[in-house]
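Me: I am new to this structure and would like to learn how to read it feature by feature. Could we begin with burial and then move on to the helices, the contacts and the surface?

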Amino acid sequence: METRQHKRICLAQNFLTSPKLVRRLVGLSTIGPSDTVYEIGPGDGIITAALARVARQVIAIEKDRE
């Protein structure tokens with residue numbers, strides 16, 4: 001049986017912590033002002049914030065209640 005800590009690590013995407021890198025990746029995408037983006041597992045929101053600056057709407061869905 002998985003421990004809670006192990007499960008949290010498996011679900012985590014906290015390896016992406018550089019706002020500069022996130023802005024670059026979003027900038028290289030085709031996301032524009034008429035797009036709606038679904039973000040699964042927004043976590044701390046570093047990607048959500050960058051997406052919100054370029055997309056019409058961002059719908060962030062978090063599975064982890066914590």
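Reply: Let us start with burial, where a residue is called buried under 20% relative accessible area, exposed over 50%, and partly exposed in between, with a 1.4 Å probe and protein chains only. By that rule, buried residues make up 20% of the 66 residues in the protein chain. Please keep in mind that this is a predicted model, in which local features need pLDDT of at least 70 and side-chain atom pairs count only at pLDDT 80 or more, while totals for chains, interfaces and linings use all residues. Residues are numbered from 1 along each chain as its sequence is written, and side-chain values use heavy atoms, with hydrogens and water left out.

Me: Which pattern does the protein chain follow when it is read along the sequence?

Reply: Helices (H or I, at least four residues) and strands (E, at least two) are DSSP runs, numbered from the N terminus. Here the protein chain has 3 helices and 2 strands, and along the sequence they come in the pattern α-α-β-α-β.

Me: What are the buried residues of H3, and where around the axis do they lie?

Reply: In H3 the buried residues are Thr48, Ala50 and Leu51. Because they cover an arc of only 165° around the axis, they are on the same side of H3. These buried residues of H3 pack against H2, strand S1 (36-40) and strand S2 (57-61), where contact means heavy atoms within 4.5 Å.

Me: Which residues make up the largest nonpolar core?

Reply: In soluble globular proteins, nonpolar side chains tend to be buried together. A nonpolar core is a set of buried Ala, Val, Leu, Ile, Met, Phe, Trp, Tyr and Cys residues joined through side-chain atoms within 4.5 Å. In this model the largest one has 7 residues in all, namely Leu16, Val22, Val26, Val37, Ala50, Leu51 and Ala55. H2 and H3 are the elements that give two or more residues to this core. If we follow Val26 and set aside residues up to four places away in sequence, Val26 touches Ala50, Leu51 and Val54.

Me: Is Thr48 buried or exposed, and what is Thr48 in contact with?

Reply: Thr48, which is found in helix H3, counts as buried because its relative accessibility is 18%. Leaving aside neighbours within four places in sequence, Thr48 is in contact with Glu39, Pro42 and Val58. Pro42 in turn lies in the loop between S1 and H3, and at 16% relative accessibility Pro42 counts as buried. With residues up to four places away in sequence not counted, Pro42 touches Thr48, Ala60, Ile61 and Glu62. As for Pro42 and Glu62, they are 20 residues apart along the chain, yet their C-alpha atoms are separated by 6.1 Å.

Me: How should I read Ile47, and which residues does Ile47 touch?

Reply: Ile47 lies in helix H3 (residues 46-54) and, with a relative accessible area of 26%, is partly exposed. Not counting residues up to four places away in sequence, Ile47 touches Leu16, Val22 and Glu39. From C-alpha to C-alpha, Ile47 and Leu16 are 8.6 Å apart in space, although 31 residues apart in sequence. For the protein chain as a whole, among contacts between residues at least 6 apart in sequence, 31% join residues at least 24 apart.

Me: Which residues make the nonpolar surface patch?

Reply: Like charges are joined within 9 Å, and nonpolar side chains (Val, Leu, Ile, Met, Phe, Trp, Tyr) within 5 Å. Here Leu21, Leu25 and Leu28 make a nonpolar patch of about 280 Å². Of these, Leu28 lies in helix H2 (residues 19-28) and is exposed, with a relative accessible area of 58%. Accessible areas come from the Shrake-Rupley method with a 1.4 Å probe, and for residues only the protein chains shown count as cover. The protein chain exposes about 5400 Å², of which carbon and sulfur atoms supply 55%.

Key:
Patches are made of residues with over 30% relative accessible area and no salt bridge: like charges are joined within 9 Å, nonpolar side chains (Val, Leu, Ile, Met, Phe, Trp, Tyr) within 5 Å. A salt bridge is a side-chain nitrogen of Lys or Arg within 4 Å of a carboxyl oxygen of Asp or Glu. The arc is that of the directions from the helix axis to the C-beta atoms.
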